[in-house]
Structures are given as structure tokens and as C-alpha cells.
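Hello,

The structure you asked about is below. My notes on it follow directly after.

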Amino acid sequence: MVNVTLKERLLNALEGKEVDKIPVCSVTQTGIVELMDKVGVFWPEAHSDPELMAKLAIANYELSGLEAVRIPYCLTVLGEAMGCEIKMGTKNRQPSVIGHPYPIDLEGASIPMDLLQKSRIPAVLEAIKIIRDKIGPDVPIIGGMEGPVTLASDLVSVKSFMKWSLKKTDLFEQVLDLATDAAIIYANAMVEAGADIISVADPVASPDLMGPDFFKKFFQARLQQFSSSVDSVTVLHICGNVNPILSYMADCGFEGLSVEEKIGSPKKAKEVIGNRARLVGNISSPFTLLPGPVEKIKAEAKQALSEGVDVLAPGCGIAPMTPLENIKAMVAARDEFYA
Ligand SMILES: [Zn+2]
């Protein structure tokens, strides 16, 4: 265990191998305004320019101590390449999907032949290469993306997605398959560019939006197909209280499951998951990391470590107004835990 690199430690932790200490990183978005001001790189430009995207991501590794570099900062890159209309947001607001290519039916819906050349996908792939060049081989790179369920909903609108789930299940399954295939192509392109871990955020698969039966019946097989088709370690992030689907998530084939504080005790979650996957989380992004104070962040981080999280991380995307000091406190808590 001497001289273990950050990359080896994170991959080992996610694969359930023994580690000298639990890694601390974010598998969800990492862009914060304080870092933008420090390095002179800002949203929305950093969502499209590979140099800027890389620079801001590396800052979170170098300046806050997170033990991985993660890009991009939104869940709209693949959706845009598949035809969604995107509002690029502001310095402290993430891009969002505002227009859907197939709201009525799936007439003409397909994966573009030149998917990997479309919209911001080339920028993300280039940013991964730039990051690898700058940080060397020993720091893990996490490629983030929207999951198949969220992409499917973006393609047809939440309204149609919900309606089809009940009344037009053939269309519902068809768009889920289309989204899964596109997600696999994009994920493998990120792996080929140099990403070590693919982190899928699939908020629309949350039981807060769709019942556990839908997850079991429609989403699980597609997520299994995704994880088995992507040539890297994978992490599945689903927002909200995922306890009703946690056991189903554990059967999806992802090495890591990233969860929020809303699941309650990591210890209980670990009991449900068993050795099927590793638990990533679950320091509250909006209620702990954003407001602090440092003492509370450290106490919750140490509690999560003592309850057995396999990777210490924010429970969801880091809020852009989160102070740098608060992210550092999460890292410091991990160090103090082992001191
Ligand atoms: Zn989330």
C-alpha cells in the first residue's frame, strides 16, 4: 500500500478492494464560483471551451484537494448532441434543457451518425485529453454525464415521458433504448479519451419522480446494459431518497452507487447493498457543504466514514456558491479521521 496513487486508490475503493484510506472526491459536478474567480475561468464559457473546462476542473483538484478531476459541469452535453435545445445558464447557474426534439412521437428519432462530432461532445473529449496531459497518469479523471432515463426524458419532455410510461409503453421503451444506446457510445468515447471512471447522474430515475416498480420493470435492464457495455469503472448517481430502489440499483452492475443524505444512515444502505456495489457519498450539498460551518461538515464527513462509506463525496452536485473552504473541510475531515 506504500506509494499508492490517487487513481489506484479510487479505483480500488470502487472495486471493493482494500485501501489504506477512503478516497475523497466528487462524482457529481464540481464547479464553484469562488474557484472561477481564482483561476479566471467562468461558466457558461467553461461548458463549451475545452481549455477552460479543463482549467476549472483541475483547480478543484489542486486548490480544494479533491482526489479526482471531474468534468463537465452539467447534464446536457449528450442531450444537446441528440437534438435538445439548451439554455447555457450563467456564472452560477448550470445549463438546462429547454426544448425537446420528440415531444409528440418518435418519428425520425435516431442516433446521429456523427454523434461524437456534435455540439459540445468534442469539447468534453478534448478537455479530458488536456486534463490527462496536465495532471499526468496518476490522478483519476471522472467523466460525468446524464443517465439513459434522464436523457430519454429530455428527448421527449418530462410530460410526454410520464404520459408514455402509463399509456404508450411501446414509445416509452423505444426512447429508453435509444437513450441507452447513445449513452453507451458517448461514455465509451470519454473512456477512450482518457476518463478512468464514468459517473452517470440519472435524476429522473429517482423514486421521487417515478415509482420503484418503473425502476425495476423499465430502467434496471437498461442500466445493466449500460454498465456492462462501458469499458471502465462506472458510478450511478440518483438524487433524492433512493431507499425504495437501492437494492435494484445495486443489481445494475455499477461499481459505485452515489447517494444523497436523504437515504439516512450509510450503514443501513451498506447492509442493503452488501457486496454488490460500493457506497459513494453522502455529505449534503445544499444543507451542509453550501452553508457550512466547517465543524458541521467535518462532523458529518467523519460520521459517514465511521459508518462505512467507500468513497467520501458530496451527496449531489456541489452548489456553485459553495465556499472553497467548505470543500477543503471535507477533505481535511478525511485526513483527520486517519490521523
Ligand atoms: Zn443528485
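Ser 157 sits in the loop between α6 and α7 (helices are DSSP runs of H or I with at least four residues, strands are runs of E with at least two, both numbered from the N terminus). The phi of Ser 157 is positive, about 90°, although the residue is not a glycine. Ser 157 is partly exposed, with 18 other C-beta atoms within 10 Å (20 or more other C-beta atoms within 10 Å of a residue's own count as buried, 12 or fewer as exposed, and anything in between as partly exposed, with C-beta atoms placed from the backbone).

Before the rest, two notes on the source. The model is predicted, so local features need pLDDT of at least 70 and side-chain atom pairs count only at pLDDT 80 or more, while totals for chains, interfaces and linings use all residues. Residues are numbered from 1 along each chain as its sequence is written.

Ala 152, Ser 153 and Val 156 of α6 meet Val 158, Ser 160 and Phe 161 of α7 (a contact needs C-beta atoms, placed from the backbone, within 7 Å).

Other backbone points to check:
- Ser 119 also has a positive phi, about 40°, and is not a glycine; it lies in the loop between β3 (96-99) and α5 (121-135).
- The peptide bond between Trp 43 and Pro 44 is cis, with omega about 0°; Pro 44 is in the loop between α2 (33-39) and α3 (50-62).
- Ile 71 to Pro 72 is also a cis peptide bond, with omega near -10°; Pro 72 is in the loop between β1 and α4 (77-81).

For reference, most residues other than glycine have a negative phi, and most peptide bonds are trans.

Now the sheet. It is open, has 7 strands in the order β1-β4-β5-β6-β7-β8-β9, and its pairing is parallel (two strands pair if DSSP finds at least two bridges between them). β1 (69-71) and β9 (311-314) stand at the edges with a single partner strand each, so one side of each has no neighbour in the sheet. The twist averages 25° from one strand to the next. Helix α8 (residues 169-193) packs on the sheet and touches β4 (141-146) and β5, its direction making about 165° with that of β4.

Strands β5 (residues 197-201) and β6 (residues 233-237) pair over 5 bridges, with Val 200 opposite Leu 236. Leu 236 in turn has Leu 257 of β7 as a bridge partner, and Leu 257 stands opposite Leu 279 in β8. Strand β7 (residues 256-259) is covered on both faces: Gly 256 and Ser 258 are buried on one side, Leu 257 and Val 259 on the other.

Which residues touch the most other members of the largest nonpolar core? Of its 116 residues, they are Ile 128, Ala 183, Met 190, Leu 257, Val 311 and Met 330 (such a core is a set of buried Ala, Val, Leu, Ile, Met, Phe, Trp, Tyr and Cys residues joined through C-beta atoms within 7 Å). Helix α8 supplies the largest share of this core, 14 residues.

Regards

Terms used. Axes are lines fitted to C-alpha atoms, for helices over the stretch in contact, and angles run from 0 to 180 degrees between N-to-C directions. Two residues are in contact if their C-beta atoms, placed from the backbone, lie within 7 Å.
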